[in-house]
Amino acid sequence: MKIATFNVLHFMNYLTKEIDFKAFSDEIQSLGADIIGLNEVRGKGFIKGYTDQTGKISSLTGMNSYFGKAISVRGLAPYGNALLSKGEIENAETIKIPDPERKTGDKMYETRCIIKAESSGYNILVTHMGLNSDERENAVKKLLEIVPDEKCIILGDFNCTPDSPELAPLFQRFYCSDINDLTFPSEAPNIKIDYIFFSKDIKIKSRGTSRNIVSDHLAQWIEIEEN
């Protein structure tokens, strides 16, 4: 079974700067992923360009889907994460990450969320962490509160490098696919900010990062041994 994570930049082709569902569908299918977490996905709303992107990519790939709204842009247009799976998606829910009570960072703050679901016998969590360290600290704390210790995979863009102290609790409790495989920016990657964490009962057969420039991030994947 292959599992992937991909920040899709609301399905805007990084090279053409146009919304391009076919390019993203082709990339997702070329990965051969059975389960894939997506970041920066738009939902249907009352702002131009906000459509049911999860439904569109689900139709093109033939995969089941779930959309998790993090925010409503201008109160009108949903925006968040999505989960695609070739298997059934069960017990899916969207869990909000608490905003910091006192904001200490100097970058834009944005409310974030976690998708928590079950598929193909695994617990899957998809998230997109904030730009500031206090946001990410809250995200890690919330993940550790809700995440099971077995048959669990965490996917997403964490907006920080592996040496960031806020990620240390995740590294202590879970394995990470590859801390050296760079994922951003896609045309000349020089940092790793996209992650696949998995519980210690899961063994992986292979891992990798796509080199296809479709989004501003590269997709990353693992292939796991099934019991």
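Buried means under 20% relative accessible area, exposed over 50%, and partly exposed in between (1.4 Å probe, protein chains only). With that in hand, arginine 173 counts as partly exposed because its relative accessibility is 27%.

A word on the source: this is a predicted model, in which local features need pLDDT of at least 70 and side-chain atom pairs count only at pLDDT 80 or more, while totals for chains, interfaces and linings use all residues. Residues are numbered from 1 along each chain as its sequence is written, and side-chain values use heavy atoms, with hydrogens and water left out.

**Salt bridges**

Side chains of opposite charge can pair when their charged atoms come close. Here a salt bridge is a side-chain nitrogen of Lys or Arg within 4 Å of a carboxyl oxygen of Asp or Glu. The whole structure holds eight salt bridges, including those in this table.

| Pair | N to O distance |
|---|---|
| Lysine 142 and glutamate 145 | 3.1 Å |
| Arginine 173 and aspartate 149 | 2.7 Å |
| Glutamate 223 and lysine 205 | 3.6 Å |

Helices (H or I, at least four residues) and strands (E, at least two) are DSSP runs, numbered from the N terminus. Lysine 142 and glutamate 145 are about one helical turn apart, because they sit three residues from each other in helix α3 (residues 133-146). Lysine 142 is buried, at 18% relative accessibility.

Arginine 173 and aspartate 149 form a salt bridge. This pair links distant parts of the chain, 24 residues apart: arginine 173 is in helix α4 (residues 168-173), and aspartate 149 is in the loop between α3 and β8 (152-157).

Glutamate 223 and lysine 205 also form a salt bridge. They are 18 residues apart, with glutamate 223 in strand β12 (residues 220-224) and lysine 205 in strand β11 (residues 204-209). Glutamate 223 is partly exposed, at 25% relative accessible area.

**The sheet**

Strands β12 and β11 belong to an open sheet of six strands, ordered β3-β4-β2-β1-β12-β11, with mixed pairing. Two strands pair if DSSP finds at least two bridges between them. β3 (64-73) and β11 stand at the edges with a single partner strand each, so one side of each has no neighbour in the sheet. β3 and β4 run antiparallel and are joined by nine bridges; isoleucine 71 has tyrosine 79 in β4 as its bridge partner.

**Glutamate 88**

Glutamate 88 lies in the loop between β4 (77-85) and β5 (89-97), and counts as exposed because its relative accessibility is 57%. Contact means heavy atoms within 4.5 Å. Leaving aside residues up to four places away in sequence, glutamate 88 touches Asn64, Glu118, Ser119 and Ser120.
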